[in-house]
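Please look over the sequence and the model shown here before reading on. The report that follows takes up a few local features in turn.

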Amino acid sequence: GVDCVLDPVGGDYFNRSWRCLNRTGSLIGYGASSLHPRETNGGRGLSFMMNLFSMIWSSTTISIAQHMPWQSKKYSFYIITDHIKQHPSSFQESLTHLFTLLSGGKINPKVTTVPLDQTKRALEMLDDKTSVGKVVVDPWK
């Protein structure tokens, strides 16, 4: 297994991520895109409720499992707004460091830019999950 899984999806993926860990691995949840309206029929109805239940059930069972004496895996959920409230200066430092890395060519984010008249294509890329990184609609392109 792996040492660490960063899981932005949640829901059933928490359990899948948990199973990918080695005996001392860590699972860090930092999002819940499984609850996004695109994944849940507009955030309404049975699909949303099933995904919400799945996320609550998965995170509860994993939270309990990590406290078993034979278990050395760890789980935590990271909420950036809580961190920013507690350490406002660290957010500014992190952004400064991030932009230094970006301007120095040390990191290369994956961005697909689509002209405004191809907005439909951009949305299809997101819905079909065929995009890598971010998709940006550029009205001046």
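## Terms and model

Helices and strands are named here as DSSP runs, numbered from the N terminus, with a helix taking at least four residues and a strand at least two. The structure is a predicted model, and the descriptions below should be read with that in mind.

## The largest nonpolar core

Five residues, namely Val5, Phe14, Trp18, Leu21 and Leu27, form the largest nonpolar core. At least two residues of this core come from helix H1 (12-20), and at least two come from S2. For Leu21, once residues up to four places away in sequence are set aside, the contacts are Gly1, Val2, Asp3, Cys4, Val5, Ser26, Leu27 and Lys73.

Ser17 is found in helix H1 as well. Ser17 counts as buried because its relative accessibility is 10%, and buried means under 20%.

## Helix H4 and the residue after it

Helix H4, which covers residues 88-103, has 16 residues, and the distance from its first C-alpha to its last is 23 Å, close to the 22 Å expected at 1.5 Å a residue. H4 is followed by Gly105, a residue whose phi is positive, near 75°.

## The salt bridge in helix H5

How many salt bridges does a search of the whole structure find? The search finds one, and in helix H5 the side chains of Lys120 and Glu124 meet in a salt bridge with an N to O distance of 3.9 Å. Both residues lie in helix H5 (residues 119-128), where they are four residues apart, about one turn of the helix. An α-helix has 3.6 residues a turn, so residues three or four places apart point the same way.

The two partners fall into separate accessibility classes: Lys120 is exposed, because its relative accessible area of 62% is over 50%, whereas Glu124 is partly exposed, with a relative accessible area of 36%.

Notes:
Residues numbered from 1 in each chain as written. Predicted model: local features only at pLDDT ≥ 70, side-chain atom pairs only at ≥ 80, totals over all residues. Heavy atoms only, no water. Core = buried A, V, L, I, M, F, W, Y, C linked by side-chain atoms within 4.5 Å. Buried < 20%, exposed > 50% of the residue type's maximum accessible area, 1.4 Å probe, protein only. Contact = heavy atoms within 4.5 Å. Expected span 1.5 Å × (residues − 1). Salt bridge = Lys/Arg side-chain N within 4 Å of Asp/Glu carboxyl O.
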